[in-house]
Amino acid sequence: MSICVPLPILTNSHDAVPVPPSTLPEKEQTLYDCVLEHFSAADYTLPSINQEGAALTVDEKFWLSYECLLRYLRATNWNADAAIKRLEDTLKWRREFGIYDKITPEYVEPEARNGKAFIFGCDTHGRPAICMSPSKLSAEESFRTIQFIIWMVERAVDLMGPGVETLAALADYAGNTRNPSFGMVRTIVDIVQTHYPERLGLVLIAHLPWLLNTFFKLLMAFMDPYTRQKLVFNPVINENGVFRTTADAEVWEAQADNTSRVFEPDQLIQEGWNGTQPFVYSHDVYWEALVTLCEERRSKMVAAWHCMGGKVGIKEWDVKVAVKDETIKGIDGE
């Protein structure tokens, strides 16, 4: 029997029990405190913004979590001033792009109808997976398609369990011999690299025909080394799951070593990925289920965040654990 809805959120990864953020070394803690103090100031306003709307919104304070500040610090090699500048650039970009208001489920839904991208399953590190069918992407550049893909990234973030900060992306090129718009894909790559640092954990590109090798060679020239190292072309797909290389698959065969496997069969769809889930994209069923799942989860996380003080620097770990364990009264809307 086919299933047409996302899998439940994983609260534990397959290969390890999630652990809370570790204590920072003294130097890194000092740099973090500097960034936190900057954004926590009572009179803080975003620079170069009309003063009437320059104060941080509730959504922006929620986004500026402990882990978020650390992601930007690591991305700038622990340069506090550079991290602050980059965070402010992203805060302004999120407003301009319409993350909190314009890019709604209703706005991007037309792009979702053909199943070009959907969230389904998690890898062995508990990372939510965005599954994409490049053959369903337009060869012409479409800004709404870009908005839709970024909306999907935001929803994958909503579905990350405790201790998970990155997502996985799966692209199946089976039966596809044409490129999507180069400009469109490059724009998406630029947005992810600039405004979602350390959010991309793994990209699997399966059944890639040699005719498209040039497309990716050109695209990789615009990727930073961190992004390039996340790409895996033509991974091994068999009855045991998905593996980066033949050597990893052989290790698993010999030792059942889950660290060598990136996806288990029960987290994969059958079509293209040889999984055990008989998933069929039925838009009318899937879309409502995904939107409801994400909205309910985000509502609970925001409620937990408010109960913890509702300020910049609260740990995503604490919020997600509270939602998972239902340890804070009121996060279920009671």
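The model is a predicted one. A search of the whole structure finds 15 salt bridges, and there are two cavities of 30 Å³ or more. The largest cavity holds about 570 Å³ of space, and the largest pocket about 640 Å³.

**Strand 4 and its neighbours**

- Strand 4 spans residues 200-206, and seven of its seven residues are buried.
- Strand 3 (residues 167-172) runs parallel to strand 4, and six bridges join the two.
- One of the residue pairs here is Ala171 with Ile205, where Ile205 belongs to strand 4.
- Strand 4 also pairs with strand 5 (residues 231-233), again in the parallel sense, over three bridges.
- Val203 has Leu231 of strand 5 as its bridge partner.

**Salt bridges**

- Arg74 and Glu198 form a salt bridge in which the closest N and O atoms are 2.7 Å apart.
- Arg74 lies in helix 3 (residues 66-75) and Glu198 in the loop between helix 7 (182-195) and strand 4, so this pair ties together parts that are 124 residues apart in sequence.
- Arg74 has a relative accessibility of 33%, so it counts as partly exposed.
- A salt bridge also joins the side chains of Arg113 and Asp284, at 3.9 Å from N to O.
- That pair links distant parts of the chain, 171 residues apart: Arg113 is in the loop between helix 5 (105-112) and strand 1 (117-122), and Asp284 is in helix 11 (residues 283-307).
- Asp284 counts as exposed because its relative accessibility is 60%, and the cut-off for exposed is over 50%.
- Asp123 and Arg127 form a salt bridge with their closest N and O atoms 2.5 Å apart.
- Both Asp123 and Arg127 are buried.
- Salt bridges also link Asp59, Arg155, Asp158 and Arg298 in a network.

**The largest cavity**

- Strand 2 (128-132), helix 6 (143-158), strand 3, helix 7, strand 4 and helix 8 (213-220) each supply at least two lining residues.
- Helix 7 gives the most to this lining, with six residues.
- By class, the lining has 25 nonpolar residues, two polar and one charged.

**The second largest cavity**

- The second largest cavity holds about 90 Å³ of space.
- It is lined by 13 residues, and Leu7, Pro8, Gly121, Cys122 and Leu159 lie nearest its centre.
- Strand 1 gives the most to the lining of this cavity, with four residues.
- The lining of the second largest cavity has 11 nonpolar residues, two polar and no charged.

**The largest pocket**

- The largest pocket has about 640 Å³ of space.
- It is lined by 34 residues, and those closest to its centre are Arg94, Glu154, Arg155, Asp158 and Arg298.
- Arg155, Asp158 and Arg298 also belong to the network of salt bridges that includes Asp59.
- Helix 2 (58-63), helix 3, helix 6, helix 11 and helix 12 (316-325) are the elements that give two or more residues to the pocket lining.
- The largest share of this lining, six residues, comes from helix 11.
- The pocket lining has 18 nonpolar, three polar and 13 charged residues.

**Glu88**

- Glu88 is in helix 4 (residues 80-97).
- Its relative accessibility is 9%, so Glu88 counts as buried, the cut-off for buried being under 20%.
- Leaving aside residues up to four places away in sequence, Glu88 touches His38, Phe39, Tyr44, Leu46 and Pro47.
- Glu88 and Leu46 are 42 residues apart along the chain, and their C-alpha atoms are separated by 6.8 Å.

Definitions and conventions
Residues are numbered from 1 along each chain as its sequence is written. This is a predicted model: local features need pLDDT of at least 70, side-chain atom pairs count only at pLDDT 80 or more; totals for chains, interfaces and linings use all residues. Side-chain values use heavy atoms; hydrogens and water are left out. Buried means under 20% relative accessible area, exposed over 50%, partly exposed in between (1.4 Å probe, protein chains only). Two strands pair if DSSP finds at least two bridges between them. A salt bridge is a side-chain nitrogen of Lys or Arg within 4 Å of a carboxyl oxygen of Asp or Glu. On a 1 Å grid over the protein atoms alone, a cavity is a set of points where a 1.4 Å probe fits but cannot get out, and a pocket is an open set with protein on both sides within 12 Å along at least five of seven lines; lining residues have an atom within 4 Å of a point. Grid points are joined across faces, edges and corners, and a volume is the space filled by probe spheres set on the points. Ala, Val, Leu, Ile, Met, Phe, Trp, Tyr, Cys and Pro count as nonpolar, Asp, Glu, Lys and Arg as charged, and the others, Gly among them, as polar. Contact means heavy atoms within 4.5 Å.
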